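Hi,

Here is the structure I promised to pass on. My notes on its interfaces follow below it.

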Amino acid sequence: MEIQTLFVILISTIFINNYVLSQMLGLCPFLGVSRKLDSALGMGLAVIFVMVMASFFTFPIYKYILVPYDITYLRTIAFILVIAGLVQFVEMVVENVSPVLYHSLGIFLPLITTNCAVLGVAVLNTESGFLSGDLGLLEAVVQGLGAGLGFTLALLLMAGIRERLEIADIPENLKGLPITFIVAGLMAMAFLGFSGMKV
Amino acid sequence: MQDEKKAVPGLLLSNAPHIHAGQSLQSIMWLVVLALAPAAAYSVYLFGLNALMLTVVSVAVCVAAEAAFCFLMKKPVTITDGSAVITGMLLAFNVPPEAPLWMVAIGAAFAVIVAKQLFGGIGFNIFNPALAGRAFLMASWPVYMTTSWHRFGPTTVLSQAASNVAGLPEQAYDIITQATPLSALKEGPKLLTDLGVTPDAVYRTLFSPEVIKSLFIGNIGGCIGETSALLLLVGGLLLLYKRVITWHIPLSYMGTVAVLMFAYYSLTGFAYAGAATLFHLLSGGLVLGAFFMATDMVTSPVTHRGMIAFGVGCGILTCVIRLWGGYPEGVSYSILLMNSTVPLIDRFTRPKVFGTKHE
Amino acid sequence: MKASILRSTFILGLTAFVATFALSHIKAITYPVIQKQERRKQENALALVLPGYTTGEERSAVVNGRSFTYWTAEKTDGTLTLKAYAFITEKTGYGGVIRTMTGVDDRGTVLGISIIRQSETPGLGARALETASRSTFFQVITGRARETAGEPSPWFQEQFAGLNAAAKIGIVKKGDWTEAMRDELLRENSISAITGATFTTKAVKDGIEEGMAALRMALDEHAKAQEAPAP
Amino acid sequence: MAFTTFSGGIHPPENKRLSEGKAFSNLSVPQLCYIPLQQHVGKPARPIVEAGEIVREGQLIGLAEGYISANVHASVPGKVVEVAEHPTVYSKRGMCVTIEAQGSFSTSGKPLEAVPWESMSGLELLNRVAEAGVVGLGGAAFPTQVKLHPPRNRKIEALIINGSECEPYLTVDDMLMQSFPGEIVEGVRITLKILGITTAFIGVENNKPHAIASLRNKLAEIKPAENIQVVALKAKYPQGAEKQLIYSLTRREVPSGGLPMDAATVVQNVGTIFAVREAVALGKPLFERYITVTGPCVKNPGNYKVRLGSRISDVIEECGGLVAEPAKIIMGGPMCGTALDSMDIPVVKGTSGILLLGREEARPADYLPCIRCGRCVAVCPAGLVPCDMVNTIEKGRLDLVEPSHPFDCIMCGACTYVCPSRRPLNHFIKLAQEKLRRRQKE
Amino acid sequence: MNYYREFAKGVWEKNPILILGIGMCPTLAVSTSVLNALWMTLAATFVLIFSNIIVSLVKSLVPSHIRIPIFIAIIATFVIIVELTLKAFQPDIYKSLGIFIPLIAVNCIILGRAEEFASKNAVLPSILDGLGMGLGFGLTLTVLAFFREILGSNRLFGYTLIPGMEPATIMTLAPGAFFTLAIMLWGMNAIKSRKRR
């Protein structure tokens with residue numbers, strides 16, 4: 001039962017309610033870092049990590065501090081500061097471990113702070129996400145993992161496609177962002193194939 | 001290249017090689033059209049005039065949209081290569097026979113303009129235009145796409161099969177016979193429990209030899225071009241024989257579906273695992289998809305290894321959507337989804353360059 | 001260095017303090033309103049499914065091992081006091097759980113239903129929430145809108161009113177519901193399915209039927225508990 | 001039986017029947033010979049004769065300049081008319097020595113005296129090869145003495161003789177092996193001695209059973225001390241490409257960017273071996289060669305012995321003339337040969353055949369966008385992805401080309417042969433190679 | 001200082017969505033109806049203006065290395081104010097905008113303006129900048145929503161447009177949002193490139 005619920009959450013957040021293609025969250029990094037496959041992979045891994053950590057830290061804060069003291073209205077500010085701190089930490093780690101990756105991610109690492117998908121997953125965790133019934137810590141973390149994986153999947157697919165589009169005969173004014181949106185739209189349409197799925 | 005100048009009268013200068021295998025882009029495209037023709041003709045016989053009108057409208061709009069777009073963008077008009085005709089035929093093949101004409105026209109325009117021409121025309125599109133068109137229609141007018149099925153006369157294969165199973169109440173016939181076999185499989189057991197029908201009775205009906213036989217021949221409900229597995233196989237084999245397509249995608253696709261379905265039904269202790277597998281192989285758009293849509297050269301991988309990975313991926317997704325998804329049929333969505341993975345597949349299945357170690 | 005860390009910490013702390021201070025005041029102003037809104041939302045939902053009734057108490061019971069919430073309501077019609085109940089049921093549709101609130105009178109006649117939550121396929125099952133706007137935009141801007149312009153009717157939900165929830169409710173597939181079908185459907189105790197979404201329709205219908213059965217048992221329990229002498 | 005082969009490749013219609021099995025015949029000596037001073041890879045030879053000078057048949061007229069170059073000899077006796085520019089297969093304005101035939105012939109029809117080469121040292125033999133101006137006769141025309149003289153630190157284990165003749169239409173190597181098996185075996189033994197090794201493989205495609213049989217019979221008859229094997233290969237283009245041939249015969253891959261010697265082998269064409277034997281054992285310089293003249297437009301297609309420097313028009317005339325207007329004249333085979341725009345171009349050392357295609361075969365077509373059918377990938381013997389590479393090149397994105405290994409392309413043209421969009425894939429890759437080389441130099 | 005310029009640049013020249021390509025998430029997600037778009041604009045503009053004011057006021061007090069957390073805290077405060085206010089007085093709108101109200105806090109436009117403009121300029125220009133950016137954001141959002149509502153549900157402000165016409169549901173879903181924005185960006189690029197010529 002327990003394992004099955006977690007599996008449902010995972011599948012649901014990766015495919016059925018993909019954060020980017022179905023919920024339209026995290027579009028800025030999705031558009032910004034999908035030009036090259038390598039940086040897309042790096043960004044994806046960073047986002048997965050931040051999302052899992054964010055779920056792990058924000059959920060108890062909400063459940064054991066904000067709710068008991070009836071200050072849930074401070075949710076947004078509390079979460080965003082926790083996430084900002086986490087990102088700072090990840091940035092430091094990446095800088096030390098892999099300078100190459102740090103270099104290629106450039107300005108996007110600090111921008112994970114303003115990646116609305118990260119705050120999105122933290123907020124959705126408190127609103128029980130796409131499930132009925134309340135989430136526990138484990139479920140929240142799995143939802144964070146699923147959201148990160150879903151984001152990374154979409155990002156990698158998009159990066160692969162954009163590398164190919166580099167040499168396509170796209171009408172001049174459509175190059176860049178517009179065609180990327182067209183691709184995103186077609187991908188979102190393909191992902192509709194998962195809608196209504198029961199795991 | 002273009003520098004074929006004539007220094008001595010009549011002598012052609014061009015780069016090696018000076019001979020060619022013969023098959024051209026046009027001949028490939030028209031061969032595909034030819035291979036689709038028997039199934040198209042049969043669908044008109046089976047579903048009547050509307051099926052013909054849908055096909056004609058779809059093809060006409062595709063060709064017109066391509067011509068118009070190329071003209072507006074001041075590009076060479078490429079309608080003679082036949083690819084727009086194929087897109088039109090495949091789109092029509094993927095809509096229900098009673099669908100409204102205006103809807104197919106919009107889908108055709110979307111397919112050619114958004115899914116193909118915006119990317120630069122033939123060769124550059126990421127997604128199969130016909131399938132993108134279908135997915136667009138599916139998301140836009142789901143009612144028409146899921147309910148415009150052809151209503152056969154009172155004695156259809158399905159209702160006869162149903163009458164062979166004892167104890168089915170009157171209303172059960174409606175549910176089993178109206179839609180396609182796949183939707184009957186998806187919704188039948190759930191909807192019929194109210195009428196006191198056990199799921200087993202539904203399965204016995206759907207997986208009976210008569211139903212499977214008519215799935216093979218094709219006198220059964222479904223989208224315009226997908227019903228006759230036999231005629232589609234004939235067309236597919238023609239393409240294989242003419243080397244327009246290779247065996248890699250159709251075989252790995254259908255093989256994966258067969259293996260997974262058999263495994264699923266066997267492992268869940270199902271009594272008719274073999275028949276169920278056959279049912280899944282022959283029903284819906286699987287044959288059409290495996291031979292004509294997944295093999296679309298532009299949107300499938302270029303290496304043989306990649307093609308196999310692509311086919312297996314399509315097979316897995318088809319099974320997942322059919323068994324657990326919201327839609328009864330998953331062929332077109334699974335191919336569309338796999339289309340988006342092609343650049344990655346291509347990247348990771350690049351052949352080993354002669355004289356190098358593994359990359 | 002140390003001084004700058006201290007200063008930063010101080011400034012950050014100050015910011016947080018000021019922000020929290022400001023927010024607590026905003027909260028003090030808005031919270032009562034928000035709570036009132038939430039109460040009103042529930043009242044509205046109840047008013048929708050129990051038109052004309054005054055909501056009484058909210059009761060919880062355990063039926064077949066599941067918690068079951070229902071409300072009682074009353075209205076006076078001349079000298080008569082009519083009783084009615086509302087309950088919430090959940091049933092899995094195509095895309096997930098469909099949560100429905102249903103109001104019934106004490107004979108089991110549906111007074112109204114309201115689908116509170118659903119995640120059905122857009123264009124198909126999700127049309128359960130579709131409202132048939134009675135005026136067009138053109139009529140609105142030309143001032144020829146009908147009286148009811150602001151109150152679009154959710155046709156799918158509306159057709160349940162008047163059905164007998166205690167008996168089996170049938171499903172008819174004749175295309176989308178129209179005003180003209182009302183009498184015939186009521187006679188057959190049936191509803192018209194959403195085109196292409198028989199399964200969603202069935203989930204809502206099953207929910208109401210099950211809820212009705214649960215309500216009966218809950219009421220019986222309640223009655224027994226009332227009769228039983230206090231220990 | 002499975003024949004040894006490599007992966008990829010194509011099998012175009014062989015079209016060899018036109019000239020297959022036709023015994024060699026000598027073409028009569030042309031009145032005028034245009035002998036290019038560059039008939040080989042490397043620096044052109046330096047002319048050492050002047051207009052008006054009388055030359056003997058086989059007299060040295062061009063001296064090799066530098067390490068990679070080759071001597072050039074007079075192919076007819078007579079008077080040097082001029083030393084001037086004339087179109088050749090390699091250049092529109094190549095320096096040629098024009099000789100008007102007159103005087104006596106010392107070789108034609110007369111048997112030459114055999115030289116006791118077995119008592120000579122390898123170096124002496126190598127010098128004889130160099131003096132005779134032998135180059136690779138398969139088409140590449142690389143000076144043979146350079147190939148037979150690998151750096152001392154390189155260990156060579158086997159000599160590989162390319163008798164595959166995988167090009168359609170051509171039959172000259174086939175006929176050489178059928179007609180002169182003894183001479184070829186002798187040539188192999190000479191070459192082995194020069195290299196100082198004892199192992200040789202002769203790779204012949206299995207569509208030439210007579211050649212295989214005649215070589216094998218000859219070997220059985222002579223029983224040479226060296227280990228010489230005739231190996232039947234699967235008939236497939238480009239079986240004769242150096243790296244593919246080495247792989248087929250030894251299962252060794254020449255590393256990317258490397259040479260055959262990196263796989264401890266030296267590869268020579270059978271024609272070259274034949275010329276080596278004539279140079280060493282008969283002391284005859286390379287001034288004539290066997291070629292195939294074929295194609296639907298030639299009256300008498302067949303295999304002929306031709307003096308180098310004969311103009312194509314003269315050769316065709318000798319072969320009975322034209323029966324139809326040719327649309328394309330190709331020097332070499334249809335896959336790798338060069339299309340010519342003039343009938344005045346002379347036959348050179350690297351000319352293995354002259355092919356005249358009619359309008360039907362040479363049908364030109366504009367090329368269309370790539371439809372990613374993957375056929376080029378399937379046939380590429382080098383394991384490249386020509387379609388993607390060329391799409392990138394076509395868009396001028398040279399920065400993206402390099403990771404796709406453009407320099408591993410062997411220019412076999414198999415991709416272009418199968419491409420349904422008629423894209424000149426190998427030509428695009430060649431352009432990219434040139435551009436990238438230029439960029440690297442800068 | 002040209003006040004008009006500071007205000008007008010956000011609408012066209014530096015339109016956050018069409019030119020700078022930021023703030024996409026709420027743009028796409030809430031543009032299913034014009035009403036949603038208008039309320040979103042209002043909410044975002046409010047946060048934009050007030051966070052610009054505060055940032056501009058405190059800019060000299062904030063050490064540069066912790067400015068981002070401070071800005072975020074300021075922005076988040078105003079977001080919560082909006083959240084609570086909407087919840088109290090427009091519960092239906094609050095519900096339909098859903099998670100995208102708290103997510104205003106991480107909208108790149110707002111942090112971007114705080115960082116790029118308000119932290120370097122005086123209060124009045126910052127207000128005008130916020131107003132202009134909000135207007136640019138709102139205009140784009142509204143136009144997007146206009147098309148999506150018409151095509152996707154055959155409605156405008158909730159009222160049926162052409163009785164009997166079948167709307168294309170896809171326009172209310174994610175793909176429709178992507179397509180519509182792509183076409184708007186296409187048009188924008190076409191206008192820009194024509195101007196350049």
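Across the interface of domain 1 and domain 2 of chain D, the rule finds zero salt bridges (a side-chain nitrogen of Lys or Arg within 4 Å of a carboxyl oxygen of Asp or Glu). This is a predicted model, where local features need pLDDT of at least 70 and side-chain atom pairs count only at pLDDT 80 or more, while totals for chains, interfaces and linings use all residues. Residues are numbered from 1 along each chain as its sequence is written, chains are lettered from A and ligands numbered from 1 in the order written, and side-chain values use heavy atoms, leaving out hydrogens and water.

The two domains of chain D span 117-281 (domain 1) and 375-441 (domain 2), with bounds from an automatic or database domain assignment. Six residues from domain 1 of chain D and seven from domain 2 of chain D make the contact (heavy atoms within 4.5 Å). Together these domains bury about 470 Å², 55% of it on carbon and sulfur atoms; buried area is the accessible area (1.4 Å probe) that two parts lose on being put together, summed over both.

Now for chains B and D. Their contact takes 45 residues from chain B and 62 residues from chain D, and they bury about 4,500 Å² between them, 62% of it on carbon and sulfur atoms. On the chain B side, B:H18, B:I19 and B:F354 supply 18% of the area buried against chain D, more than any other three residues. The count of salt bridges between chain B and chain D is two. D:E253 forms one with B:K352, with the closest N and O atoms 2.9 Å apart.

Enjoy exploring!
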